[in-house]
Amino acid sequence: MKSRLNIRNTGLDDTWAISQLFRRPIPRWQRLDGDGRVQDLDYDQLTLYERWLHGGPWMSIETGAIWLNHLMHRGVITLIAEHKQQIIAYLEAYIGQEPRPYGRHVHIGQLIAEGDYAEEARHALVQHLIDWAEDDEEIE
């Protein structure tokens, strides 16, 4: 059976959709006021730093674009899964080198998926990474 998903490398144009994947699970956006009390706010009322405090660079398109650009220039593997041209999952994987017996390896740093095909998307992204690692002679 042909997969319903398309797996591909990310591009900077994907930043908004990836940011949405990371932001959707956050139920409330908050910050501390000058007296140390928690304020519930709309997302748009937060500064970039306050957004970042909710979960890192993917909490805004601005910091997400900077982060994704950094990852792509550092050789980090960044993949997305699409269903009907909608991004539904994201994977970030790092190539590492450890002393024997581990040697060269791939570490998944981020894996997030949503929607009806979330489980299938996670599986497809990890399988894509495994297939890539098995084909890449430098990994061994």
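Predicted model: local features only at pLDDT ≥ 70, side-chain atom pairs only at ≥ 80, totals over all residues.
Q: How many residues of α1 are buried?
A: Helices (H or I, at least four residues) and strands (E, at least two) are DSSP runs, numbered from the N terminus. Buried means under 20% relative accessible area, exposed over 50%, and partly exposed in between (1.4 Å probe, protein chains only). The buried residues of α1 include T15, A17 and I18, and the helix is mostly covered, with a buried count of 8 of its 9 residues.

Q: Which elements do the buried residues of α1 pack against?
A: Contact means heavy atoms within 4.5 Å. Among the buried residues of α1 are L21, F22 and R23. The buried residues of this helix pack against β2 (29–32), α3, β4 (77–83), β5 and β6 (103–113).

Q: Why is the pair of F22 and W58 called stacked?
A: Rings of Phe, Tyr and Trp (its six-membered ring) pair if their centres lie within 6.5 Å; planes under 30 degrees apart count as stacked, over 60 as edge-to-face and the rest as tilted. A search of the whole structure finds 5 aromatic pairs. In the pair of F22 and W58 the centres are 5.8 Å apart and the planes stand at 10°, so the pair is stacked.

Q: How many residues apart are F22 and W58?
A: F22 belongs to helix α1 (residues 15–23), and W58 to the loop between α2 and α3 (61–73). F22 is buried because its relative accessibility is 11%, and W58 is buried with a relative accessible area of 2%. The pair links distant parts of the chain, 36 residues apart.

Q: Which aromatic cluster includes Y90?
A: The rings of W58 and Y90 have centres 5.3 Å apart and planes at 65°, so this pair is edge-to-face. Y90 lies in strand β5 (residues 86–98) and W58 in the loop between α2 and α3, so the pair ties together parts 32 residues apart in sequence. Y90 is buried, with a relative accessible area of 0%. The one aromatic cluster is formed by F22, W58 and Y90.

Q: Over the ring of which residue does the charged end of R23 sit?
A: A charge sits over a ring if NZ of Lys or CZ of Arg is within 6 Å of the ring centre and within 35 degrees of the ring normal. The charged end of R51 sits 4.1 Å from the centre of the ring of Y43. The charged end of R23 is also 4.1 Å from the centre of its ring, that of Y43.

Q: Is V38 buried or exposed?
A: V38 is found in strand β3 (residues 38–41). Leaving aside neighbours within four places in sequence, V38 is in contact with Q30, R31 and L32. Its relative accessibility is 54%, so V38 counts as exposed.

Q: What is the phi of Q85?
A: Q85 lies in the loop between β4 and β5, and at 76% relative accessibility it counts as exposed. Although Q85 is not a glycine, its phi is positive, at about 65°.

How values were computed: Residues numbered from 1 in each chain as written. Heavy atoms only, no water.
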